[in-house]
Amino acid sequence: MSRLTGLRWVAVDVCGVAVLAIASAEDRHETDRWGLYAAVMVVSLLLARHRPLLALVLSVAGTALLHLPEPTGVDPLDLAVLVALFALAAAERPRRVGAIACGLLLAGIGAASLARPVARVDAVHPPDTHAVAIRVEKPTGRVVVEPVEPNWSNRLWESSGLMLALAAAYLLGDNLRGRRRHLRTLERRAADLEREQRQRVALATAAERARITRELHDVVAHGLSVMVVQAQGAAAALKRHPDRTEHALRDIVTTGRSSLAEMRRLLAIVREEPELAPQPGVQALPELIDRIRAAGTTVTFTVEGEPAPLPAGVDLSAYRIAQEALTNTLKHAGPGAGAAVRLGFHAETLEIEVRNDGRPPDGPADVTGNGLRGIAERVRLLDGELEAGAGDGGGFRVLARLPLRPVGAG
């Protein structure tokens, strides 16, 4: 609650107390106890919002001070009891506190009603119609008025209005308390959902960044590796075979432009300005292999089985796996190494195998590098299998099996 809002509520409380005090003063009972009673009730009304239990104790004490010694009519300041009980039932404290207080008040009113003295009937005290019986004697027809002591049911009935008012004040306060707790529960749930939504967005953003990082690595590493090999060949053939040098330089330009185009597409995704260009797939593998051959590396390409349409994720991943494996061949297999690419279509899986006959690795395959790690991540995302290591006849071999069914399908 802000300071300004708190001051407004204080002003409302003061105005309400002033109205009740003025109304009570105009109908003031001729008793010396009224001044103390009014002071106690005013203090209880001012405390009801922040200290409801203390306010209820003070208001009950003030009411008893005025009404118990000598029964009088209802005073406007008696509303302080109802206000304090309502505030206690609506307060953020254990529910049993308000229920016990209401029960004690109802029991006290009932006990006071039953213990009330019987009115006397004499010349000084006229008969009370609530405490007399009227009968007609026969056969004289004389009317006889006799005092009677009210039974317990009559006495409780006379106090039923006050008891109903107290019960209504408690129930209204308890209902308000329940609505507040329900509203806070809804607010907490909304905050939890918003926090979960932010976490999902953050996770999706991180996953998308990782995907774009893999794509950039594949594009840049492949393009630069091909360009470096072609530049080396062009430098070696510059004097002896000028025609080959020109051809190698044209291939360098083509490869550079292709890599730049793919990089622009990926960066456009980051800038939320995607270019609607198709993603590469297995249909683009012949073009990729031609670029590798143009760099001076011998590459064979075989297809086993009947080619069939592939899911988009499998299609792109198969291309990137072959691209990364061929890039590693250019970078690590050594000069004069050749490569073989095999694409195997099966009923439930697609196999991509890339092997080379170059220099074998010194030890076990290192999957911590960006190249093999990117391949492993792609295979894992598709729930596939990956084998990477030294080939049977030397060199290095990468074999990936990608399922053609959706991930998680039975």
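Predicted model: local features only at pLDDT ≥ 70, side-chain atom pairs only at ≥ 80, totals over all residues.
Contact here means heavy atoms within 4.5 Å. By that test, L350 touches L310, V314, A318, L343, G344, F345, A400, R401, L402 and L404, leaving aside residues up to four places away in sequence.

Residues are numbered from 1 along each chain as its sequence is written, and side-chain values use heavy atoms, with hydrogens and water left out.

**The sheet**

- Five strands make an open sheet with mixed pairing, in the order β3-β4-β5-β7-β6. Helices (H or I, at least four residues) and strands (E, at least two) are DSSP runs, numbered from the N terminus, and two strands pair if DSSP finds at least two bridges between them.
- β3 (299-304) and β6 (385-390) sit at the edges with a single partner strand each, so one side of each has no neighbour in the sheet.
- Neighbouring strands of this sheet are turned by 10 degrees against each other on average, direction ignored. For such angles, axes are lines fitted to C-alpha atoms (for helices, over the stretch in contact), and values run from 0 to 180 degrees between N-to-C directions.

**Strand pairings**

- β3 and β4 (residues 339-345) run parallel and are joined by six bridges. F301 has V341 as its bridge partner in β4.
- β4 and β5 are antiparallel, with seven bridges between them. A hairpin of three residues connects the two.
- Across that pairing, V341 stands opposite V354 in β5, and F345 stands opposite L350.
- β5 and β7 are antiparallel too, over eight bridges. Here E353 faces L399 in β7.

**Helices over the sheet**

- Helix α9 (residues 285-294) lies across β3 and β4, running at about 160 degrees to β3.
- Helix α10 (residues 312-332) lies across β3, β4, β5 (349-356) and β7 (396-403), at about 10 degrees to β5.

- Six of the seven residues of β4 are buried, which leaves the strand mostly covered. Buried means under 20% relative accessible area, exposed over 50%, and partly exposed in between (1.4 Å probe, protein chains only).
- The chain gets from β3 to β4 through α10, and this β-α-β crossover is left-handed. A crossover counts as right-handed if, with the strands pointing away from the viewer, the path from the first strand over the helix to the second runs clockwise.
- In β5, six of the eight residues are buried, so the strand is largely enclosed by the rest of the structure.

**Salt bridges**

- The whole structure has 15 salt bridges, each one a side-chain nitrogen of Lys or Arg within 4 Å of a carboxyl oxygen of Asp or Glu.
- R184 and E92 form one of them (2.9 Å, N to O). R184 is in helix α7 (residues 160-236) and E92 in the loop between α4 (79-90) and α5 (95-115), so this pair links distant parts of the chain, 92 residues apart.
- R184 is partly exposed at 31% relative accessibility, and E92 is partly exposed at 49%.
- E351 and R401 meet at 3.2 Å, N to O. E351 lies in β5 and R401 in β7, so the pair ties together parts that are 50 residues apart in sequence.
- E351 counts as buried at 13% relative accessibility, while R401 is partly exposed at 23%.
- R401 also meets E385 in a salt bridge (3.7 Å, N to O). E385 is in β6, so this pair ties together parts of the sequence 16 residues apart.
- E304, R342, E351, E353, R355, E385, E387, R397 and R401 are linked in a network of salt bridges.
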